[in-house]
Amino acid sequence: MLLYLVRHATAQDRALGLPDPSRHLIDKGIKQSQKLAEFCKKLQLKPQMLLTSPLVRAEQTALLLHQHADWPEPQKQAWLIIETLAEVQLKALTDLMAQGIESVCCVGHEPDISALLALLLNTDSGHFFIKKASITALELRFDQAVLLWSLPVALL
């Protein structure tokens, strides 16, 4: 299965005292998401499924990918909410593979994406820090994962 991991784009600052689940994308985050979508559309990257954390900033990032890259409609997944164990996320991805899903994009959060990458690549999560609105591609098999590439939005 081809797996794309996207970290949500830039959202309202935590210092504003807003409840974390309801923090929205700011203008910068909207532009980042649109730039990411343009990159994906140009390279004809189109996952079979688009899954997202139910937190607002991740949902908004996924929705912009749907609207601007012609990706499938985003589906909220509780296992993509922040602070979900990487093992739980891997189980969900393995279940999707078993169902015959060939490509999926998951829009989520840090440090969860780094933890999942570390588990998939059999290394320490301290080796990764995925920037906002970045996209990482992996080839996922039942017995291994191969990192294909990882790009921050600034390089797109």
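Which hand does the crossing of α3 and α4 have? I found it right-handed. Here a crossing is left-handed if the near helix is turned anticlockwise from the far one by less than a right angle, and right-handed if clockwise.

Ground rules, noted before going on. The model is predicted, with local features needing pLDDT of at least 70 and side-chain atom pairs counting only at pLDDT 80 or more, while totals for chains, interfaces and linings use all residues. Residues are numbered from 1 along each chain as its sequence is written, and side-chain values use heavy atoms, with hydrogens and water left out. Helices (H or I, at least four residues) and strands (E, at least two) are DSSP runs, numbered from the N terminus.

Helix pair α3 and α4. I looked up the angle between α3 and helix α4 (residues 112–121): about 70°, with the axes 9 Å apart. Axes are lines fitted to C-alpha atoms, for helices over the stretch in contact, and angles run from 0 to 180 degrees between N-to-C directions. The angle therefore makes α3 roughly perpendicular to α4. The classes: under 35 degrees is roughly parallel, over 145 roughly antiparallel, 65 to 115 roughly perpendicular, and the rest oblique. From α3, the contact takes A86, E87, Q89, L90 and L93; from α4, D112, A115, L116, L119 and L120. Contact means heavy atoms within 4.5 Å. I sorted these residues into seven nonpolar, one polar and two charged. Ala, Val, Leu, Ile, Met, Phe, Trp, Tyr, Cys and Pro count as nonpolar, Asp, Glu, Lys and Arg as charged, and the others, Gly among them, as polar.

Helix pair α1 and α2. The axes of α1 and helix α2 (residues 56–69) come within 8 Å and cross at roughly 45°. That makes α1 oblique to α2. I noted a right-handed crossing for α1 and α2. By class, the contact of α1 with α2 holds seven nonpolar, four polar and one charged residues.

The sheet. I traced six strands in an open sheet, ordered β3-β2-β4-β1-β5-β6, with mixed pairing. Two strands pair if DSSP finds at least two bridges between them. At the edges sit β3 (75–76) and β6 (145–151), each pairing on one side only. Strands β1 (residues 2–7) and β4 (residues 103–108) run parallel, joined by six bridges. Opposite L5 I found C106 in β4.

Helices on the sheet. Helix α1 (residues 27–42) lies across β1, β5 (135–140) and β6, at about 45° to β5. Helix α3 (residues 86–98) lies across β1, β2 (49–52), β4 and β5, running at about 160° to β4.
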